[in-house]
Amino acid sequence: MNRLTIIGLVIVAVLVIVALFAPWIATYDVGATNLSMRYLGPSAEHWFGTDSTGRDIFSRVVFGARISLQVGIIVVMVSAFIGTILGAIAGYYGGWVDRFVSGYVFNVFLAFPGLLLAIAMVAFLGAGLNKLILALCIIGWVGYARLIRGQVLKVREYDFVQAARALGASDGRILLIHILPNAIQPLIVQVSLGMAGAVLSEAALSFLGLGVPPPAPSWGVMIEEARDLSTLQAAPHALIFPGAAIALTVLAFNFIGDGLREYLDPRQRAR
Amino acid sequence: MRKLRYRIFGILRRLLILLLVVWTVVSLVTLLIELVPGDPAVAVLGEQATPEQFAQFREKHGLDRPPFFFSFPRDSNNERHFVWHGADNRYTDYWSSLLSGDMGLSFRNDRPVSSLILERYPATIQLAIFAMAIAIMIAIPLGVIAGTNRGTIVDNVASLVALLGISLPSFVIGPMLVYIFAVKLLWLAPSGRFHWSDIILPAFTLGAALSAILTRMVRSSVIEELGEDYVRTARAKGLSERTVIYKHVLKNGLIPVVTILGLQLGVLLAGAIITEKIFGWPGLGLLLVEDGIGKRDYRVVQGCVLVISMTYILANLLTDMVYRWLDPRIRVG
């Protein structure tokens, strides 16, 4: 395993711990405003300083990890699950099912930029965490389905699948016990990159005012609040800390994804 | 002869898929308005409007008509029943007006959505093209330097910069650039589109991620091409390293880059939504976010989503064609 993958794993481990134990790690109430304490720079009391309404940025970044990871995990799990089922069915049965899924559904989803589709859906449904998760799942499953379909198409031709079929195994058993375990490896890479994508999308939609509504300490919301000129002038740290949190999280999941890909594909390892 | 028939069949098939995709995209956008919880008229006019105002609003925007060919309205016992409306519905309304270039009236100011979009479209395209140009100007030299100095400090630094570009989202880079160049240095305006220099920050923000992706591609492309026989030949006949790289390696290595560029044009259009909001750049994205979503002008949202998607589909189609033309191996397949 290469160095960057380990760095990625360490960052993710820290994030998970921070998210799980946020109430104990945070030093202040995330919602507590105090106008006499606004725009304070980083100090011993306020590690990351305070924002335009005097809220403690460190505590907000800590609780923001919760929102990001929660959205990321739910979105990735649901999309990977749906994508795997539909991709496996399309790849295994072929025929008109496959023609419909890969010829039509995939093309339709590819025709929208993913972010635009999510923005459009949330714009009409109304903002909110659940709607954001729903929108991200709807755009997310296609990538997994494409991947699994391709894998299943490959694996179903292997001899052991023929052997299982000759022994009279049912389609469900062949697919679940013989094909999927051998097709699922690249999914792990995709899941890691998918976490990076989901965290980014959540922050982007919250930044646009389409995700978690403002008092909540989503990193995207914090950046949106920090970017008006007077706050930028007085407290650039209000932008830098949540920005760094997003960048580190995305970087970490990308490192893990790249590392896993290299590990699973020996041809890349040799390079 | 068989080959020709095969090719015509392939083109027809792609055309059919394209038509199906366009039809689905338009249908989805048309029906999106049904997702609005409650009544769009209430959402736009507010609770305190009079029943006459509601009725007038619904009539003007066709909201009094059935939403689709059929619906399941509740009756007086609060039970749902299947009702068939026939071809006289909002879905067919939207299609028939769309075919004559009409996207309906804005819910807010009664202006045609199509003219609102036409006003804003050039600004978005301008931004996307500048972003792409900046990305290319950064990525090609950086990628070549990294690829030719593989494994050295120069390569590592270039790769790190590229990594940063990928992991820092535009809504972090943008405000940071505003802080540095507009707040601290006072060199550029923080937002707007008045002076020629106003495009620099938004274009850089939008192009940053693309330049990072491109740098990585150019780098690996250069590394791959450097191992080819023709490079050895070119060096053996005494060409300078500069000529070898810029005349031979880069020319071959850029083919995959061209494809990515085309596919990324659509990504840039979607990314422009965020960038335009950061810099108050008056393009389609700002129209969508501020006038559309911000003021619940659902007609404007529909129009913007439709036009951005269609541009995206068109860009991908063109890329596909250029790619097939550049690389004859795919043409046969």
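1. Reading chain A from one end to the other, you get α-α-α-α-α-α-α-α-α-α-α-α-α. That comes to 13 helices and zero strands. Keep in mind that this is a predicted model.

2. On overall dimensions, the C-alpha atoms of chain A occupy a box of roughly 75 × 45 × 35 Å along the principal axes. Chain A has 271 residues, and 49% of them are buried. Take the contacts in chain A between residues at least 6 apart in sequence: 70% of these link residues at least 24 apart.

3. Now the pair α3 and α4. Helix α3 of chain A covers residues 57-93, and its axis comes within 7 Å of that of α4(A), with a crossing angle of roughly 135 degrees. Angles over 145 degrees would count as roughly antiparallel and 65 to 115 as roughly perpendicular, so α3(A) and α4(A) are oblique to each other. Their crossing is left-handed.

4. Who touches whom here? From α3(A) come Leu86(A), Ile89(A), Ala90(A), Gly91(A) and Tyr93(A), and they meet Gly95(A), Val97(A), Asp98(A), Val101(A) and Ser102(A) of α4(A). Sorted by class, this contact holds six nonpolar, three polar and one charged residues.

5. As for the partner chain, the contact draws 34 residues from chain A and 39 residues from chain B. On the chain A side, the elements giving two or more residues are α4 (95-111), α5 (114-125), α9 (185-207), α10 (219-226), α11 (229-234) and α12 (237-264). That side of chain A splits into 27 nonpolar, six polar and one charged residues. Note that α4(A) turns up both here and in the crossing with α3(A).

Methods: Residues are numbered from 1 along each chain as its sequence is written. Chains are lettered from A and ligands numbered from 1 in the order in which they are written. This is a predicted model: local features need pLDDT of at least 70, side-chain atom pairs count only at pLDDT 80 or more; totals for chains, interfaces and linings use all residues. Helices (H or I, at least four residues) and strands (E, at least two) are DSSP runs, numbered from the N terminus. A residue is buried if 20 or more other C-beta atoms lie within 10 Å of its own, exposed if 12 or fewer, and partly exposed in between; C-beta atoms are placed from the backbone. Two residues are in contact if their C-beta atoms, placed from the backbone, lie within 7 Å. Ala, Val, Leu, Ile, Met, Phe, Trp, Tyr, Cys and Pro count as nonpolar, Asp, Glu, Lys and Arg as charged, and the others, Gly among them, as polar. Axes are lines fitted to C-alpha atoms, for helices over the stretch in contact, and angles run from 0 to 180 degrees between N-to-C directions. Angles under 35 degrees count as roughly parallel, over 145 as roughly antiparallel, 65 to 115 as roughly perpendicular and the rest as oblique. A crossing is left-handed if the near helix is turned anticlockwise from the far one by less than a right angle, and right-handed if clockwise.
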